[in-house]
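Here are some notes for a colleague opening this entry. Please read them with the sequence and the structure side by side.

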Amino acid sequence: MAGEPQDDCLFCKIVAGTIPATIVRETETTVAFRDINPQAPTHVLVIPKAHHRDAAALAAAAPELAADVLRETQAVADDEKLESYRTVFNTGTGAGQTVWHAHAHVLGGRGLEWPPG
Ligand code: 5GP
Ligand code: ZN
């Protein structure tokens, strides 16, 4: 069911603390932790604690929780002292989504080209 923890989900396991992560922020509804394979000096993932398969499913099922995730991206940027940063939600395998628990990538600390690859 949407929102329920999934036994086979890596990020649900990070929320539960059964897989370690470098957590940089936590709220009642979200966790932010450093990406294991950083693509920029700052590369933090912000996730809802509840399981939703992607950003659109999250926004449809729990819009206030989606807003919590977005608010936390700015909080991460503030903590990391980033003037500019990029928030990315990969959706679907063709766009590079590999973990099926909604997550915002917060990337910064270097020049970011636009359009992205
Ligand atoms: P996606 O490709 O789904 O948009 O993003 C998934 C991200 O999760 C990737 O950037 C990948 O490096 C990161 N990732 C995968 N496994 C782990 C892990 O065990 N710990 C952490 N901290 N990040 C992970
Ligand atoms: Zn999950």
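**Notes on one residue and one ligand site**

1. Thr 30 counts as buried, because its relative accessibility is 1% and the cut-off for buried is under 20%. Please keep in mind that this is a predicted model.

2. As for its place in the fold, Thr 30 belongs to strand β2, which covers residues 30–34. Its side chain makes a polar contact with the side chain of Thr 27, at 2.6 Å.

3. Which residues does Thr 30 touch, leaving aside those up to four places away in sequence? They are Ile 47, Pro 48, Lys 49, Asp 68, Val 69 and Glu 72.

4. Turning to the ligand, ligand 1 is surrounded by 15 residues. The closest are Asp 35, Asn 90, Gly 96, Thr 98 and His 105. By class, the shell holds six nonpolar, seven polar and two charged residues.

5. Three of these residues deserve a look at the atom level. Asp 35 places a polar side-chain atom 2.5 Å from an oxygen atom of ligand 1. Gly 96 comes in through its backbone, with an N or O atom 2.6 Å from an oxygen atom of the ligand. For Thr 98, a backbone N or O atom is likewise involved, and the distance to an oxygen atom of ligand 1 is 2.7 Å.

6. How much of ligand 1 does the protein bury? Taken alone, the ligand exposes 520 Å², and the protein buries 83% of that. The elements giving two or more residues to the shell are α1 (10–16) and β2. Strand β2 is also where Thr 30 sits.

Notes. Residues numbered from 1 in each chain as written. Chains lettered and ligands numbered in written order. Predicted model: local features only at pLDDT ≥ 70, side-chain atom pairs only at ≥ 80, totals over all residues. Heavy atoms only, no water. Helix = DSSP H or I, 4+ residues; strand = E, 2+ residues; numbered from the N terminus. Buried < 20%, exposed > 50% of the residue type's maximum accessible area, 1.4 Å probe, protein only. Polar contact = N/O pair within 3.5 Å; in protein donor to acceptor, adjacent residues only side chain to side chain. Contact = heavy atoms within 4.5 Å. Near = heavy atom within 4 Å. Areas by Shrake-Rupley, 256 points an atom, 1.4 Å probe, with all protein chains shown as cover. Nonpolar A, V, L, I, M, F, W, Y, C, P; charged D, E, K, R; others polar.
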